[in-house]
Amino acid sequence: MPQWAEAGLWGLVGGIALVLGAAVAWWVRVSRRVVAGIMAFGAGVLISALAFDLVDEAQHTGGLGPTAGGFLAGAAVYVAINVLLARRGARHRKRSGGQQPSEQDAAGSGAAIAVGALLDGIPESVVLGVSLLGGGGIGITVLAAVFISNVPEGLSSAAGMKAAGRSARYVFGVWSAIAVASGAAALFGNLLLRTASPATVAAITAVAAGAILAMIADTMIPEAFERTELYTGLLATIGFLTAFVIEHAGG
């Protein structure tokens, strides 16, 4: 299988986790406290992956300058777009309760939530595609982090969409489209950066890492803390340690 096709496949696998989470939310009653706990765990897993697999690797590959610049740029761009989407009704897109507005409450909020969900997923997918460029196969820790975090993301957000009165067609249409877009982002990330310089690859990886960290702080941790409260830190720490052990056990 061509490397770019493999990248697209793994990106799709990560995106399917969102659909899986949405399906659980739609047909199974899951305690919001359980969802929040898994969200906190997933946040810790992602933080570990971006610290050791993304930022550290980018620094070793392309140097501190491109890595630092890309990291800050990724966070800044994510936050800027997120602020705009929040004003359109997507502020609580990962909340599982009644915080999400209905279309009657805020016209256009459905589209904003869909775009926001896409914004959250694309950086992770690009990272999956880029991780194959070294020729060593998919980064297992990064893939595990994306999959583990995407399930509760899809679950929590879909539960909120359902509570806001959105239809099954809308919910599964959004997550299915994002799964496909995730595969495409991984594919094109791999294809377009294949001949790029190490500094460029490092900068792009760092941009994605910065966006992921901003996403964790802006959307995942608030949803987790709302229900798990003082246990959020412990659950995130367990997630971080789990990813760290997976990385070093595989090495």
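The model is predicted, so to speak of local features pLDDT of at least 70 is needed, side-chain atom pairs count only at pLDDT 80 or more, and totals for chains, interfaces and linings use all residues. Residues are numbered from 1 along each chain as its sequence is written, and side-chain values use heavy atoms, with hydrogens and water left out.

**Surface patch**
- Trp4, Phe188, Leu191 and Leu192 make a nonpolar surface patch of about 410 Å².
- Helix α6 (residues 168-192) gives the most to this patch, with three residues; helices here are DSSP runs (H or I, at least four residues), numbered from the N terminus.
- Leu191, found in helix α6, counts as partly exposed because its relative accessibility is 36%, and partly exposed lies between buried (under 20%) and exposed (over 50%), with a 1.4 Å probe and protein chains only.

**Second largest pocket**
- About 290 Å³ of space lies in this pocket.
- Its lining has 13 residues, with Ala25, Val28, Arg29, Val30 and Ala159 nearest the centre.
- Helices α1 (3-27), α2 (32-62) and α5 (140-163) each give two or more residues to that lining.

**Second largest cavity**
- α2 gives the most to the cavity lining, with four residues.

Notes
Patch = residues over 30% accessible without salt bridge, like charges linked within 9 Å, V, L, I, M, F, W, Y side chains within 5 Å. Areas by Shrake-Rupley, 256 points an atom, 1.4 Å probe, with all protein chains shown as cover. Salt bridge = Lys/Arg side-chain N within 4 Å of Asp/Glu carboxyl O. 1 Å grid on protein atoms, 1.4 Å probe; cavity = no way out; pocket = protein on both sides within 12 Å on 5 of 7 lines; lining within 4 Å. Points joined across faces, edges and corners; volume = space filled by probe spheres on them.
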